[in-house]
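Here is a short report on one protein model. Please view the sequence and the structure first.

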Amino acid sequence: MDKTTLRVIDIIDGTSVDGPGLRTSIYFAGCDHHCPGCHNPSTWDFRAGRDMSVGEIVEHIVENDFNVTFSGGDPLYQYEALTILARAIKAAGKTIWCYTGFTYEQLASDPRYSELLSTIDVLVDGPFILALSDTDLRFRGSSNQRIIDLSEGSPRQYRQDAF
């Protein structure tokens, strides 16, 4: 797989569970976090799904005209091609939410992720922890996960009741 190809499990248009409003959610293959109780364990396999070019994905997004959510698996395992995709999505005028089992601090301290973080509007970070699971939370599964606004250049965590 080259730097302009991503391994995609599924693309769901018009969903309202992965961020505010109707969104196009892209579920990427591969995750080594293996969180007990994960609601998407079928996405852990890095070979699952199919290869899609950045161009194919962007065409799909533009055609359906929704803002975008990256999920998985953990999309950040494909950070090189994901960065290219994120730049194209932003150029098309869309916002990006991204779910990851990594914490913001882990990502911010690793220069490989700096350009990608600059394209993401909202990061939902941290592993799912079954003991902290809370079905009353919107847009996340456990109370340790944070919804972090990255759109203003410096991270700002949303209040727990913001959504």
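## Pairing inside the sheet

β4 and β5 run parallel and are joined by 3 bridges. The model is predicted. Phe-70 has Cys-98 in β5 as its bridge partner. Strands of a sheet pair through backbone hydrogen bonds, either parallel or antiparallel.

## The whole sheet

β4 and β5 belong to an open sheet of 8 strands. The order is β3-β1-β2-β4-β5-β6-β7-β8, and the pairing is mixed. The edges are β3 (50-53) and β8 (156-157). Each has a single partner strand, so one side of each is left without a neighbour in the sheet.

α1 packs on this sheet and touches β1, β2, β3 and β4. The direction of α1 makes about 75° with that of β3.

## Helix α2 on the sheet

α2 spans residues 79-91, 13 residues in total. From first C-alpha to last, α2 reaches 18 Å, close to the 18 Å expected at 1.5 Å a residue. α2 lies across β1, β2, β4 and β5. Relative to β4, α2 runs at about 165°.

Which residues of α2 are buried? They are Tyr-79, Ala-81, Leu-82, Thr-83, Leu-85, Ala-86 and Ile-89. An α-helix has 3.6 residues a turn, so residues three or four places apart point the same way.

The buried residues of α2 pack against the strands β1 (5-15), β2 (23-28), β4 (67-72) and β5 (96-99). They also pack against the helices α1 (54-64) and α4 (114-119).

Key: Residues numbered from 1 in each chain as written. Predicted model: local features only at pLDDT ≥ 70, side-chain atom pairs only at ≥ 80, totals over all residues. Heavy atoms only, no water. Helix = DSSP H or I, 4+ residues; strand = E, 2+ residues; numbered from the N terminus. Expected span 1.5 Å × (residues − 1). Buried < 20%, exposed > 50% of the residue type's maximum accessible area, 1.4 Å probe, protein only. Contact = heavy atoms within 4.5 Å. Pairing = 2+ DSSP bridges. Axes fitted to C-alpha atoms, helices over the stretch in contact; angles between N-to-C directions.
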